[in-house]
Amino acid sequence: EHFQNIKPGDLIIGYESTPNKKIVAIFETTKGAHKDDDDDLEKISFRIQKFLPSPITYETIKEMPELKDSEVMRNNQG
């Protein structure tokens with residue numbers, strides 16, 4: 001659902017999964033969900049907005065009260 005709704009200008013959190021489990025970058029969407037001309041798979045396009053100088057660990061995110069009940073924390077899929 002969220003993949004289909006992303007649009008140009010939306011920001012994406014760049015999360016590095018196991019074993020590091022850290023937010024390492026912020027990306028900006030350049031093109032929403034579309035079929036790729038080369039392989040006909042559905043994709044989004046984005047560019048790196050910035051790499052975080054101090055990546056944010058999963059443990060730090062997990063302790064944030066404002067994210068406690070968020071979908072990402074309830075359904076941790078990386």
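Is Ser 45 buried, partly exposed or exposed? The points below take up this residue and its surroundings.

1. This is a predicted model, in which local features need pLDDT of at least 70, side-chain atom pairs count only at pLDDT 80 or more, and totals for chains, interfaces and linings use all residues. Residues are numbered from 1 along each chain as its sequence is written, and side-chain values use heavy atoms, with hydrogens and water left out.

2. Ser 45 is partly exposed, at a relative accessible area of 25%; buried means under 20%, exposed over 50%, and partly exposed in between (1.4 Å probe, protein chains only). Its place is in strand E3, residues 42–57; strands (E, at least two residues) are DSSP runs numbered from the N terminus.

3. Contacts of Ser 45 (heavy atoms within 4.5 Å) include Glu 28, Thr 29 and His 34, not counting residues up to four places away in sequence. Between the C-alpha atoms of Ser 45 and Lys 7, which are 38 residues apart along the chain, the separation is 9.7 Å.

4. Thr 29, in strand E2 (residues 22–35), is buried, with a relative accessible area of 2%. With residues up to four places away in sequence not counted, Thr 29 touches Ile 6, Lys 7, Pro 8, Gly 9, Asp 10, Ile 12, Ser 45 and Phe 46.

5. The three strands form an open sheet in the order E1-E2-E3, with antiparallel pairing; two strands pair if DSSP finds at least two bridges between them. E1 (11–16) and E3 stand at the edges with a single partner strand each, so one side of each has no neighbour in the sheet.

6. E1 and E2 run antiparallel and are joined by six bridges. Glu 16 has Lys 22 in E2 as its bridge partner.

Notes: Helix = DSSP H or I, 4+ residues; strand = E, 2+ residues; numbered from the N terminus.
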